[in-house]
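Me: I would like to go through a structure with you. Could you take my questions one at a time?

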Amino acid sequence: MSRMRERRVDPGARLVHVGPGCLLKDVDGATQEHGLATVLGFVSETGVAGLTLGGGFGYLARRFGWAVDNLEEVEIVTADGRIRTASREGNEDLFWAIRGGGGNFGVITRFTFRVHEVGPIVTGGLIGWSAERADDVLEAYRELTTSAPPELTAAAMIRLAPPAPFVPKEWHLRPVAGILVCHSGRDAESDLAPLRAIGEPIFDLVGEKPYVLQQSMLDDMEPKGLHQYWKAEFLPDLPREYLPTFRDAALRVASPLSFSVIFHLEGALNEREDDDGAVGNRDARFISGFSGVWPPGGDGDEIVTSVREGWEQIRPFSTGGNYVNFQMAEDDATRTAEAYGERLERLGRIKAVYDPGNLFRMNRNILPAA
Ligand SMILES: Cc1cc2nc3c(=O)[nH]c(=O)nc-3n(C[C@H](O)[C@H](O)[C@H](O)COP(=O)(O)OP(=O)(O)OC[C@H]3O[C@@H](n4cnc5c(N)ncnc54)[C@H](O)[C@@H]3O)c2cc1C
C-alpha cells in the first residue's frame, strides 16, 4: 500500500485523513505544519497502518491514549469486496474490532484520526550514563514516572553506546543506561530536574527541538533491513524489585545493535473503559522488554537466547496481557489469546460476520467463531 500515501489535514475539524501507505513521518510532517499531532510511534519510518491497527503508542500516548483511541473513522474493504466506512456511528462492531484487532477484518484504505495541539517545539532527547550507574538511573526513572505529568513521556534504556558522533569515542560500544524523554507541555525543565540531578552524564541531548525531529530521533538506531527478535510485557506498575531483574537481563542482551527498554504508558489509555476497542490492556502502565538486533548474515543465536532468558525473568511482573504488535511469527495462538483476553470471543464473532472464510489470516490471527 506504499503508494497510497495521501494525507489531508482539516485543522478546523481537528482531523487528519491518512492513506494506508503512510509512514509516521508523512503524517507528523503534515499535521505539524498546523501545530497538530496524533498519537503515533517512536520511529518515523514505521507504517501508520499496522501500528494503529494493533493499538499504537508513542510520545503522546500518555496524553491522548492508544493511537486507536484517536481514530474517528476508517474506510475498509472487507472480504466480500465491499467498501465500507466504520466509526462509532456506523458499523460500530467492525470499528470496535479494527481498533486493536489488526488486519483481521479487511484492508483499510483510509484512516481518519483526531489531532491535538502539540509543539511544534517540544523538549526532548536522550541522556546517557555509564551502565555502572544503572541502579541510580533506573531508580531516578522510577521516581520520575511517579510524578511526571501526562505531557512528559520517558523511557529507560540499557544498551551498548552506539559509535555515533554524540557519544565520546572512549564510550563507543560500552554499556550505557539512558533515558529518552519528550515533554510537550510547559515547565519541562523543572519536570526534568530529577534526571539532571543524577549528574555526570556521558551525553545529554535533551533540549528544545521540533516535534518532527524528536519523532525521527531514533530512526538511525533502528535502520531497516536488520534481524530483530523482540519480547516484551505490559507491566501494571514499576515496582522497585523490577529494576535489578531488568538491569541484569538487559546487560546480558546488550550487543552492538540490541537494546532493552521500559516505556511509561500510564495516563489517558488507563482512563477509558477496558472495552473501548479491541486493544484493551488498559491496566498497562508500562511496557518493557528486550530487542535483540543483528545484521544480515550475522549469527543471532546468542542474542535470541539472551532475549528469551530476559523475557522469562520479567514475565512474573506482567499484567498477563501483551502487545500484539510486539509479537513475533513464532508466538502462538495462546499469546494472541492473552493479548485480547475476554475480548477474543467478541472478536471471533465479528470475524465470522466480516471474514467467515478467514481470508485475512497473515496476521496475529483471530479465527471466525463457529
Ligand atoms: C523499528 C520499529 C519501531 C517500532 N516502534 C513502535 C512504537 O513506537 N510504537 C508501537 O506501537 N509499535 C512500534 N513498532 C511495532 C509496529 O507497531 C508493528 O511492527 C506494526 O506491525 C508496523 O506496522 P507497518 O504498517 O509498518 O507494517 P506492515 O508489515 O506493513 O503491517 C503489519 C500488519 O498490519 C496489517 N496491516 C498493515 N496495513 C494494513 C491495512 N492497510 N489494512 C489492514 N491491515 C493492515 C497486516 O496484518 C500486516 O501484516 C515498531 C516496529 C519497528 C519495526
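Predicted model: local features only at pLDDT ≥ 70, side-chain atom pairs only at ≥ 80, totals over all residues.

Me: How many residues surround the ligand?
Reply: There are 23, and the closest are Gly41, Gly47, Ala49, Gly50 and Gly103. A residue counts as near if its C-beta atom, placed from the backbone, lies within 6 Å of the molecule.

Me: Which helix gives the most to that shell?
Reply: Helix 2 does, with 4 residues. Helices (H or I, at least four residues) and strands (E, at least two) are DSSP runs, numbered from the N terminus.

Me: Changing topic, what is the strand order in the open sheet?
Reply: The 5 strands are ordered 1-2-6-4-5, with antiparallel pairing; two strands pair if DSSP finds at least two bridges between them.

Me: Which strands stand at the edges?
Reply: Strand 1 (7-10) and strand 5 (83-87) each have a single partner strand, so one side of each lacks a neighbour in the sheet.

Me: And how many bridges join strand 1 to strand 2?
Reply: The two are joined by 4 bridges, and Asp10 has Leu15 in strand 2 as its bridge partner.

Me: Finally, what does Val137 touch?
Reply: Leaving out residues up to four places away in sequence, Val137 touches Trp129, Ala156, Ala177, Ile179 and Ile198. Contact requires C-beta atoms, placed from the backbone, within 7 Å.

Note on methods
Residues numbered from 1 in each chain as written. Contact = placed C-beta atoms within 7 Å.
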